[in-house]
Amino acid sequence: MRLEAKLAISNAVSKLLLVLLGALVIPPIVQQVAVAHTDAHLREKKRLVQGLIARDGLQAFERGERAETYADYNIFKQEYITLTPLPEGTPLPAERIFEEPRQVDQQVEDFRILSFALLAGGLHQRAFRLEIGSSLETVELLTATLRQLALWVLVAASLLTVVSDAAVAHYLLGPLRELTVRKLRGIRQPSDFNFDVIDTQTTDFRRLDDRLNALMRQVQSAFAKEREFMSNVSHELLTPVSILQSRFENMLQDPTLPEQNAQQIVESQRTLHRLRNTVRTLLLIANIENEQYLREESVRLSDVVADVAEELDDRRQQRDIALEVDIAGNDVRPHANASLMHTLLRNLLSNAIKYNHEGGRIRVLGRPAPGGCYTLRVEDSGPGIAAENIPYLFDRFRRFNSNAPGSPEGYGLGLPIAQTIAGFHGAELKAESTVGQGTAFVLDFGPNVSPASGFMPPSLAQK
């Protein structure tokens with residue numbers, strides 16, 4: 001998963017947790033706010049009533065000469081006010097706010113009540129208890145409204161911050177995308193690397209770009225030295241090997257040579273022959289990597305497979321291995337080298353024969369792929385390759401099935417050669433294997449365009 005996606009998910013989860021926390025914390029806070037608002041409203045009503053009494057006296061509140069308790073409710077029974085005379089000598093009660101049920105027109109309603117005492121009546125002042133009440137239904141309605149408003153504001157703010165955080169992360173990670181997409185994606189060899197400095201003000205990305213450029217310059221230098229060394233060593237070794245081969249052949253022409261010594265010379269010739277093949281293989285790889293071969297031929301894969309199958313037919317029949325070839329579609333590669341393509345498929349089919357069971361099966365399957373590409377598979381029914389060995393299959397001089405029947409020649413260079421030739425033709429060679437079921441080598445050829453100059457050799461690709 002991309003870093004930007006991880007940051008977006010992390011931000012979204014944190015905002016979701018914030019919304020959940022708000023859903024737990026906001027209701028009691030809103031409840032307190034609503035109660036405080038109601039209490040402030042009751043005190044405001046108290047000041048209004050006190051002002052009215054101070055201006056007009058108790059005439060508006062008293063009922064007749066008996067001065068009975070006065071009570072009044074608004075039309076919806078959401079508020080009420082009562083004025084009750086207190087017995088003479090009764091101490092004035094302290095002001096308090098409480099919640100109690102009150103009967104209103106044969107119905108009992110819960111109210112939040114402000115109760116306080118006052119003196120009124122002119123020269124003959126009396127004590128009265130004044131109650132101002134607000135229905136708790138009003139408080140609950142206010143609480144629900146505030147709670148809903150707060151939650152919607154929290155959700156909207158969280159969504160806004162998620163979007164803004166994603167936009168900021170996308171902007172800040174722009175230089176990293178430029179590094180991974182423009183500079184690293186599609187790099188098949190160090191010479192394809194773009195050393196242009198990325199445009200960023202972020203110190204960390206600038207340092208990463210500088211270190212990456214420096215590292216790729218070192219890789220380019222090491223790559224060039226490796227190719228030069230391999231080419232020089234291969235050329236230098238061929239001369240003494242050829243001289244030794246000639247001397248051995250001259251020694252075998254001596255009629256006085258004892259049989260035992262002749263046998264030893266023959267064994268030495270076999271060893272020398274394997275050494276010469278190894279040197280030639282290394283030289284072939286060096287020449288391919290140094291772009292000393294042309295890609296000016298149109299090669300039909302089905303024809304190459306047929307030629308290779310005919311060449312290896314004796315070896316295959318000796319082990320009673322069945323061969324099935326199923327190549328369909330446009331299998332012509334217009335920019336190829338026929339000789340190298342033959343070597344590539346010969347190595348793959350030779351491995352399929354060598355590392356197979358007696359009476360086994362080989363299948364060559366070719367099909368067009370999207371985008372003008374083409375896929376060729378070489379499958380066998382051999383013992384398979386352990387999963388931990390697959391990443392090292394294309395390492396030079398590394399062998400895993402050294403006891404497989406077949407030709408003993410070779411030092412683990414067949415697959416590296418195949419991968420080098422595949423890269424030369426702009427193709428990717430990969431292995432798929434299941435232990436006990438067999439192995440498949442897959443060649444993914446790109447579109448029918450001229451491959452870019454150069455490619456990543458196996459030795460460097462594994463580093």
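This passage describes a predicted model of one protein chain, from its overall make-up to single residues.

The protein chain contains 10 helices and 12 strands. It has 463 residues, and 37% of them count as buried. Contacts across the sequence were also examined.

Empty space inside the model was examined next. Rolling a probe the size of a water molecule over the atoms shows where empty space is left. A search of the whole structure gives 2 cavities of 30 Å³ or more. The largest cavity holds about 40 Å³ of space. Its lining consists of Val308, Ala309, Leu312, Arg316, Leu323, Leu349, Ile353 and Ile362. Sorted by class, this lining has 7 nonpolar residues, 1 charged residue and no polar ones. Two helices, α6 (301–311) and α8 (338–354), each supply at least two of the lining residues.

Helix α8 was then followed along its length. The helix has 17 residues. From its first C-alpha to its last, α8 reaches 24 Å, close to the 24 Å expected at 1.5 Å a residue. Most of α8 is covered, with 12 of its 17 residues buried. Leu349 and Ile353, both in the cavity lining, are among these buried residues. The buried set also includes Leu340, Met341, Leu344, Leu345 and Leu348. Asn347, Ser350, Asn351 and Lys354 are buried as well. At the N-terminal end, α8 is capped by Asn337. A side-chain oxygen of Asn337 lies 3.2 Å from the backbone nitrogen of Ser339.

A loop runs between α7 (313–318) and β7 (322–327), and Asp320 lies in it. The phi angle of Asp320 is near 55°. This is a positive value in a residue other than glycine. Asp320 counts as exposed because its relative accessibility is 57%, over the 50% cut-off.

Helix α2 covers residues 136–172, which makes 37 residues. At 1.5 Å a residue, α2 should span 54 Å. Its end C-alpha atoms are 52 Å apart, so the two values agree. The buried residues of α2 are Leu136, Val139, Thr143, Leu154, Ser158 and Ala169. Ser135 caps the N-terminal end of this helix. Here a side-chain oxygen of Ser135 lies 3.2 Å from the backbone nitrogen of Glu137.

Leu141 is also found in α2. With a relative accessible area of 59%, Leu141 is exposed, because the value is over 50%. The C-alpha atoms of Leu141 and Ala34 are separated by 9.2 Å. Along the chain, Leu141 and Ala34 are 107 residues apart.

Helix α4 covers residues 203–252, and Asn213 lies in it. The relative accessible area of Asn213 is 4%. Asn213 is therefore buried, since the cut-off is under 20%. Leaving aside residues up to four places away in sequence, Asn213 touches Lys183, Phe193, Asn194 and Phe195.

The C-alpha atoms of Ala222 and Pro190 are separated by 10.0 Å. These two residues are 32 residues apart along the chain.

Arg102 has its place in β3, residues 96–104. Is Arg102 buried or exposed? Arg102 is buried, because its relative accessible area of 18% is under the 20% cut-off. Not counting residues up to four places away in sequence, Arg102 touches Tyr80, Gln107, Val108, Glu109, Phe111, Ile113 and Glu131. One of these, Tyr80, also makes a polar contact with Arg102. The contact joins the two side chains at 3.3 Å. Gly133 is 31 residues from Arg102 along the chain, and their C-alpha atoms are separated by 9.4 Å.

Technical notes
Residues are numbered from 1 along each chain as its sequence is written. This is a predicted model: local features need pLDDT of at least 70, side-chain atom pairs count only at pLDDT 80 or more; totals for chains, interfaces and linings use all residues. Side-chain values use heavy atoms; hydrogens and water are left out. On a 1 Å grid over the protein atoms alone, a cavity is a set of points where a 1.4 Å probe fits but cannot get out, and a pocket is an open set with protein on both sides within 12 Å along at least five of seven lines; lining residues have an atom within 4 Å of a point. Grid points are joined across faces, edges and corners, and a volume is the space filled by probe spheres set on the points. Helices (H or I, at least four residues) and strands (E, at least two) are DSSP runs, numbered from the N terminus. Ala, Val, Leu, Ile, Met, Phe, Trp, Tyr, Cys and Pro count as nonpolar, Asp, Glu, Lys and Arg as charged, and the others, Gly among them, as polar. The expected span of a helix is 1.5 Å times one less than its number of residues. Buried means under 20% relative accessible area, exposed over 50%, partly exposed in between (1.4 Å probe, protein chains only). A polar contact is a pair of N or O atoms within 3.5 Å; within protein, one must be able to donate a hydrogen and the other to accept it, and residues adjacent in sequence count only if both atoms are side-chain atoms. Contact means heavy atoms within 4.5 Å.
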